[in-house]
Amino acid sequence: MLAVLLDLVLPRVCAGCAVPGPGLCLSCRALLRGPALGLVRPQPCPPGLPPLSALLPYDGPVQRLLLAHKEKGRLQLTAPLGEGLANAVLVHGQEAVVLCPVPSSPKAVRQRGHDHAMRLARAAAGALRSHGVEAQAARLLAPTRSVADQAGLSTRQRAANLHAALRGTGAVRGRVVVVDDVVTTGATLVEATRALTAAGHVVAGAAVVAATSRRPASPRRAPPLLPAQEGG
Ligand SMILES: [Zn+2]
């Protein structure tokens with residue numbers, strides 16, 4: 001227990017690659033500074049998914065960093081991960097932007113002790129402002145009901161599970177980019193976009209730190225998650 005607490009206060013290894021030293025080593029830090037992967041598309045791409053950008057594929061150090069931030073409360077990672085998210089947001093342009101996090105369930109927020117997506121949205125907005133981009137984070141989405149854990153559900157089951165699970169809230173404030181730490185099938189981002197649009201918000205796109213690439217059935221097939229083609 002003491003070791004766990006000490007590790008939270010004074011991490012002795014990098015949360016991304018476990019090299020001894022500070023909580024985030026220079027090479028993992030550099031990964032978060034970009035360049036961003038760009039526009040990505042889950043395969044299959046769910047109908048209603050807005051243009052989606054990602055900083056990195058969800059594996060290796062960035063996967064461990066995001067899990068350490070979300071599940072282990074490594075809050076010293078919020079700022080560098082937020083900077084990474086800002087780099088993904090910039091794929092959608094440099095106009096003024098409102099970053100709306102995908103809300104976690106109240107139960108998940110209680111269990112984790114923090115709202116990781118809101119933290120990342122605030123940190124990303126700060127990083128964008130420091131680069132001269134007018135940005136703010138705002139809770140424009142609220143859960144309407146509890147949903148089942150998405151893990152293990154098929155694409156179709158996820159869509160059914162999430163149907164009308166969110167509602168848009170808050171005053172309409174301009175160009176919105178929906179943000180989250182990770183995208184898997186895109187079903188949550190579709191529901192977020194639907195709810196925001198229904199409430200009158202203008203969704204310019206979605207941005208995540210990392211995009212899951214589901215393992216192809218055959219190694220000869222192209223990876224299922226690819227940067228979107230120019231104009232496609
Ligand atoms: Zn590292």
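Predicted model: local features only at pLDDT ≥ 70, side-chain atom pairs only at ≥ 80, totals over all residues.

Student: OK, strand 8 then. Is it mostly buried or exposed?
Tutor: Buried: eight of the 10 residues in strand 8, residues 202–211, count as buried, so the rest of the structure largely encloses it.

Student: Which strands pair with strand 8?
Tutor: Strand 2, residues 52–57, pairs with strand 8 in the parallel sense over five bridges. Strand 7, residues 175–183, also pairs with strand 8 in the parallel sense, over eight bridges.

Student: What unit do strand 7, helix 8 and strand 8 make?
Tutor: A right-handed β-α-β unit, with helix 8 covering residues 187–198.

Student: Back to Ala 210. Why does it count as buried?
Tutor: Ala 210 has 26 other C-beta atoms within 10 Å, and the cut-off for buried is 20 or more.

Student: And what does Ala 210 touch, leaving aside neighbours within four places in sequence?
Tutor: Its contacts include Ala 54, Leu 55, Leu 56, Pro 57 and Tyr 58, and also Val 62, Gln 63, Leu 66 and Val 182. Val 182 is 28 residues from Ala 210 in sequence, yet their C-alpha atoms are 4.9 Å apart.

Student: Switching to helix 3. How does its length compare with what it should span?
Tutor: It agrees: at 1.5 Å a residue, the 13 residues of helix 3, residues 60–72, should span 18 Å, and the end C-alpha atoms are 17 Å apart.

Student: Which residues of helix 3 are buried?
Tutor: Pro 61, Val 62, Leu 65, Leu 66, Ala 68, His 69 and Lys 70. As background, an α-helix has 3.6 residues a turn, so residues three or four places apart point the same way.

Student: What follows helix 3?
Tutor: Gly 73, with a positive phi near 65°.

Student: Last topic, the largest nonpolar core. Which residues touch the most other members?
Tutor: Of its 65 residues, those are Ala 54, Leu 85, Val 89, Leu 99, Ala 124 and Val 179. Helix 6, residues 116–130, gives this core its largest share, nine residues.

How values were computed
Residues numbered from 1 in each chain as written. Buried ≥ 20, exposed ≤ 12 C-beta atoms within 10 Å, placed from the backbone. Helix = DSSP H or I, 4+ residues; strand = E, 2+ residues; numbered from the N terminus. Pairing = 2+ DSSP bridges. Right-handed = clockwise from strand over helix to strand, strands pointing away. Contact = placed C-beta atoms within 7 Å. Expected span 1.5 Å × (residues − 1). Core = buried A, V, L, I, M, F, W, Y, C linked by C-beta atoms within 7 Å.
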